[in-house]
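Please look over the chain below.

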Amino acid sequence: MTSSALTPAGLLADALRADPGRPLITFYDDATGERVELSVATFANWVAKTANLIQDELGAEPGDRVALLLPAHWQTAVWLVAASAAGVVAVPGCDPAAADLVVSGPDTLEEAARCAGPRVAMALRPLGGRFPQPPPQPFLDYAVEVPSQSDRFAPYVPVGPDDPALELPGGETLTGAEVVARARAEAEALGLTPGSRLLSGLPYDGWHGLAAGLLAPLAAGASVVLCRHLDQLPAEALERRKDAERVTRTVAPGAA
């Protein structure tokens with residue numbers, strides 16, 4: 001199925017219609033030993049719940065900027081697409097003081113507190129677990145808030161391809177259509193086709209990491225093996241992972 005989608009959320013919707021059961025993200029954290037695999041359907045469920053959280057619980061409006069103080073992680077990927085669905089501009093690594101709302105991992109809560117708007121804390125624990133102790137007020141624990149959200153999402157205001165969707169480090173803002181066009185171009189440059197398995201060890205701190213770690217595989221009908229702390233994995237173990245995960249392309253610091 002060739003996608004004609006013009007927004008990141010549209011790419012996911014097309015993937016869901018084409019083959020909801022296929023793997024989309026296989027996530028590894030080589031500091032903790034975590035491995036989790038999300039099908040298109042499971043990922044879409046998390047996206048819908050998160051978009052409802054953004055729209056209803058956090059009160060975000062189209063055009064608002066959400067600072068994502070998060071590493072390359074499957075839950076960060078969820079936020080990127082959920083922001084697109086809700087019409088909110090995802091800004092990885094943004095100064096929280098300049099954002100309308102912020103989503104923080106456990107190591108950046110002090111920095112995230114500079115945001116005057118709603119604040120969400122992500123424990124980034126295996127299987128999306130909550131914080132062992134509640135995060136400081138007024139942070140909401142994502143793992144506590146998101147399960148009760150609806151599995152279906154409909155934006156109050158339609159989100160179009162010309163609406164801003166992603167702000168890159170350095171300040172360049174891309175519309176939904178521009179994100180999709182760049183993702184397709186990146187997929188072609190990487191040689192991705194339906195069924196490809198791309199292993200990415202790049203951080204989500206710029207376009208190439210965001211594209212390899214989610215957007216290009218999504219645009220190509222491929223899947224990503226997203227690896228955090230890949231530098232802690234010995235070379236021979238990485239080769240075994242590539243074989244076990246049927247990796248067809250690798251993008252990582254120092255990779256050939």
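## Overall fold

Of the 256 residues in the protein chain, 57% are buried (under 20% relative accessible area with a 1.4 Å probe, protein chains only). This is a predicted model: local features need pLDDT of at least 70, side-chain atom pairs count only at pLDDT 80 or more, and totals for chains, interfaces and linings use all residues. Residues are numbered from 1 along each chain as its sequence is written, and side-chain values use heavy atoms, leaving out hydrogens and water.

The protein chain holds 8 helices and 12 strands (DSSP runs numbered from the N terminus: helices are H or I, at least four residues; strands are E, at least two). Its radius of gyration is 17 Å, close to the 18 Å from the globule rule for 256 residues, so the chain is as compact as a globular protein of that length. The radius is taken over C-alpha atoms, and the rule is 2.2 Å times the number of residues to the power 0.38. The C-alpha trace spans about 45 × 40 × 35 Å along its principal axes.

Strand β1 covers residues 23–29; 6 of its 7 residues are buried, so the rest of the structure largely encloses it.

β1 pairs with strand β2 (residues 34–39) in the antiparallel sense, over 6 bridges (pairing needs at least two DSSP bridges between the strands). Here I25 stands opposite L38 in β2. The hairpin has 4 residues between these strands, and G33 takes a positive phi near 85°.

β1 also runs parallel to strand β11 (residues 223–228), joined by 5 bridges. In this pair, T26 stands opposite V225 of β11.

Technical notes:
Buried < 20%, exposed > 50% of the residue type's maximum accessible area, 1.4 Å probe, protein only.
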